[in-house]
Amino acid sequence: MNRDDDDRFEPTPAPAERPPRAALVIVDALLALEALAVVAVLVWLVVDLLTLAPSSYATAVALIVLVAVGALFTIAVAVGSIRRASWSRAAAIVWQVLQISVAVGAFQGLFARPDIGWALLVPALVVIGLLLWAPVRRAYAPAEHAAEG
């Protein structure tokens with residue numbers, strides 16, 4: 001093979017340089033499902049407030065406001081992740097840590113619900129693990145920092 005033959009072929013990127021498509025799809029899907037779950041909890045709380053008499057309306061409304069803020073946050077994180085916004089990676093990790101704390105609480109106490117605990121814990125650990133993986137981390141890096149690696 002001579003030098004002219006080598007010039008005709010474009011080098012293919014090494015596997016480490018390719019974005020980890022499956023990992024990114026998993027992260028996006030889990031973040032979107034988490035956002036939908038928080039919206040479902042918000043709807044459930046609003047329906048409960050309208051159909052049942054709470055012991056404290058102020059507490060019920062405050063809880064709805066907090067869950068609404070959480071729903072807006074998780075939706076923003078999911079959309080940001082789909083768009084590969086650099087801020088969304090850190091925000092997603094923060095949400096996962098909060099989710100782990102709720103999961104730990106679900107495993108304990110008089111009204112423990114291990115099923116809910118596992119449903120919260122496993123996706124949170126998967127998302128954190130994937131977001132800390134170097135190829136996924138690079139996919140969220142701003143364009144000017146992506147080449148630095």
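Good morning. I begin with a definition: Ala, Val, Leu, Ile, Met, Phe, Trp, Tyr, Cys and Pro count as nonpolar, Asp, Glu, Lys and Arg as charged, and the others, Gly among them, as polar. Please keep these classes in mind as we look at the structure, which is a predicted model.

Let us apply the classes to the largest cavity. Its lining consists of Leu-31, Glu-34, Thr-74, Val-77, Ala-78 and Trp-95. By class, that lining has four nonpolar residues, one polar residue and one charged residue. Glu-34 is the charged one, because Glu belongs to the charged class. The volume of the largest cavity is about 30 Å³, and the count of cavities of 30 Å³ or more comes to one.

Which helix gives the most to the lining of the largest cavity? The answer is α3, with three residues.

I turn now to the packing of two helices. In general, a packed pair is described by the angle between the two axes and by the distance between those axes. Here, helix α2, residues 21–51, and helix α4, residues 86–106, pack at an angle of about 55°, and their axes are 12 Å apart. That angle makes α2 oblique to α4. The crossing in which α2 passes α4 is left-handed.

Which residues make this contact? From α2 they are Leu-31, Glu-34 and Val-38, and from α4 they are Ala-92, Trp-95, Gln-96 and Gln-99. By class, the contact of α2 with α4 has four nonpolar, two polar and one charged residues. Some of these names have come up already: Leu-31, Glu-34 and Trp-95 take part in the contact between the helices, and Leu-31, Glu-34 and Trp-95 also line the largest cavity.

Finally, we come to the largest pocket, which holds about 590 Å³ of space. It is lined by 19 residues, and the closest to its centre are Ala-37, Val-38, Val-41, Val-102 and Leu-120. Val-38 is also one of the α2 residues in the contact with α4.

Where does the lining of the largest pocket come from? At least two residues are supplied by each of α2, α3 (57–82), α4 and α5 (114–132). The largest share, seven residues, comes from α2. Returning to our opening classes, the residues of the pocket lining divide into 16 nonpolar, two polar and one charged.

Thank you for your attention.

Note on methods
Residues numbered from 1 in each chain as written. Predicted model: local features only at pLDDT ≥ 70, side-chain atom pairs only at ≥ 80, totals over all residues. Heavy atoms only, no water. Axes fitted to C-alpha atoms, helices over the stretch in contact; angles between N-to-C directions. Helix = DSSP H or I, 4+ residues; strand = E, 2+ residues; numbered from the N terminus. Parallel < 35°, antiparallel > 145°, perpendicular 65-115°, else oblique. Left-handed = near helix turned anticlockwise from the far one by under 90°. Contact = heavy atoms within 4.5 Å. 1 Å grid on protein atoms, 1.4 Å probe; cavity = no way out; pocket = protein on both sides within 12 Å on 5 of 7 lines; lining within 4 Å. Points joined across faces, edges and corners; volume = space filled by probe spheres on them.
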